[in-house]
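Colleague: I would like to learn how to read pockets, cores and side-chain contacts in a model. Can we take them one at a time?

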Amino acid sequence: VFLARLGVPPASINRITALALNHMRPPDLYRERAVITERALRKLARDIGPTHLRTLVLLAEADHRGRGPFTMSDGTRHRPETGAYHAWWDEKISSLQLHQEPELILWGRDLVESERAWPAGPLVGQAVRLGQLLADEGLTRAQALELVDRAATPTEAVAELRRRLPTDTGA
């Protein structure tokens, strides 16, 4: 409400809200970097928007630094080093291409303008979105199209795509 009163456009309000809600995820993922999966990093990029991931990493650092130096058990004051944090995130963003919108593995035209001849409508959008979530799990375009082709109806195809999602994807 505050941002709207200032005249901030709704799309910007949504992005600012997403950044604020997710600002602790980059340090949490970094702390667990030894066991973190590529899927978790892709999910963060998808949730925040790939073009805003670097902003989120910087926001998390700003929050961390804003807390001031920490007093250690020996009484000395220490400001945590963030160089390794940034180096790790830079490498992950670059190597996994997290800064780019992922390429769709299913397109609406694959379903509507082909021998599949799905009727235009919400099932097409659902299939495309589910295909993208499954791409984070390693599903390829060929595998997605094979799943769609095996189903007797578009409804069954969407149900099959949904069944293949892990339970924690939020879909």
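Colleague: How do the residues of the lining of the second largest pocket divide into nonpolar, polar and charged?

Modeller: A word on the source: this is a predicted model. The lining of the second largest pocket divides into six nonpolar, two polar and five charged residues. Of the 13 lining residues, Pro27, Arg31, His64, Thr82 and Tyr85 are the closest to the centre of that pocket.

Colleague: How much space lies in the second largest pocket?

Modeller: The general idea: rolling a probe the size of a water molecule over the atoms shows where empty space is left. Here, the second largest pocket holds about 230 Å³.

Colleague: Now the largest pocket. How much space lies in it?

Modeller: About 350 Å³. Its lining has 17 residues, and the closest to the centre are Arg42, Leu96, Pro102, Glu103 and Asp136. Two elements give two or more residues to this lining: helix 4 (38–48) and helix 8.

Colleague: Which element gives the largest share of the lining of the largest pocket?

Modeller: Helix 4, with four residues. By class, the lining of the largest pocket has seven nonpolar, four polar and six charged residues.

Colleague: On to cores. Which residues of the largest nonpolar core touch the most other members?

Modeller: The general idea comes before the case. In soluble globular proteins, nonpolar side chains tend to be buried together. The largest nonpolar core here has 19 residues, and those touching the most other members are Leu106, Leu111, Trp118, Ala127, Leu139, Val148 and Leu161. Helix 8, helix 9 (141–150) and helix 10 (154–163) each supply at least two residues of this core. Helix 8 gives the largest share, five residues.

Colleague: What lies apart from this core?

Modeller: Another core, of 18 residues. Leu19, Ala45, Leu56 and Leu96 are among them.

Colleague: Back to Trp118. What does Trp118 touch, not counting residues up to four places away in sequence?

Modeller: Its list is Leu111, Val112, Leu123, Val124, Ala127, Val148, Pro154, Ala157 and Val158. Take Val124 from that list. Val124 sits in helix 8.

Colleague: Is Val124 buried or exposed?

Modeller: Read the relative accessible area against the cut-off. Val124 has 9%, so it is buried, as the limit is under 20%. Leaving aside neighbours within four places in sequence, Val124 is in contact with Gly108, Leu111, Val112, Trp118 and Pro119. Val124 and Leu111 are 13 residues apart in sequence, and their C-alpha atoms are 6.9 Å apart in space.

Colleague: Which backbone atoms lie by a polar atom of the side chain of Gln132?

Modeller: To read such a pair, take the atom on each side and the distance. The backbone oxygen of Glu103 lies 3.2 Å from a polar atom of the Gln132 side chain. The backbone nitrogen of Ile105 lies 3.4 Å from a polar atom of that side chain. Beyond four places in sequence, Gln132 touches Pro102, Glu103, Leu104 and Ile105. Recall that Pro102 and Glu103 are among the residues closest to the centre of the largest pocket.

Colleague: What joins the side chains of His86 and Glu61?

Modeller: A polar contact of 2.4 Å. His86 lies in helix 6 (residues 83–95). At 19% relative accessibility, His86 counts as buried because the limit is under 20%. Not counting residues up to four places away in sequence, His86 touches Val57, Leu58 and Glu61.

Colleague: Last, Arg39. Which residue has a side chain joined to that of Arg39 by a polar contact of 2.3 Å?

Modeller: Glu137. Arg39 is in helix 4.

Colleague: How is Arg39 classed, with a relative accessible area of 22%?

Modeller: Arg39 is partly exposed. Arg39 and Thr17 are 22 residues apart along the chain, and their C-alpha atoms are separated by 23 Å.

Notes: Residues numbered from 1 in each chain as written. Predicted model: local features only at pLDDT ≥ 70, side-chain atom pairs only at ≥ 80, totals over all residues. Heavy atoms only, no water. Polar contact = N/O pair within 3.5 Å; in protein donor to acceptor, adjacent residues only side chain to side chain. Contact = heavy atoms within 4.5 Å. Core = buried A, V, L, I, M, F, W, Y, C linked by side-chain atoms within 4.5 Å. Buried < 20%, exposed > 50% of the residue type's maximum accessible area, 1.4 Å probe, protein only. 1 Å grid on protein atoms, 1.4 Å probe; cavity = no way out; pocket = protein on both sides within 12 Å on 5 of 7 lines; lining within 4 Å. Points joined across faces, edges and corners; volume = space filled by probe spheres on them. Nonpolar A, V, L, I, M, F, W, Y, C, P; charged D, E, K, R; others polar.
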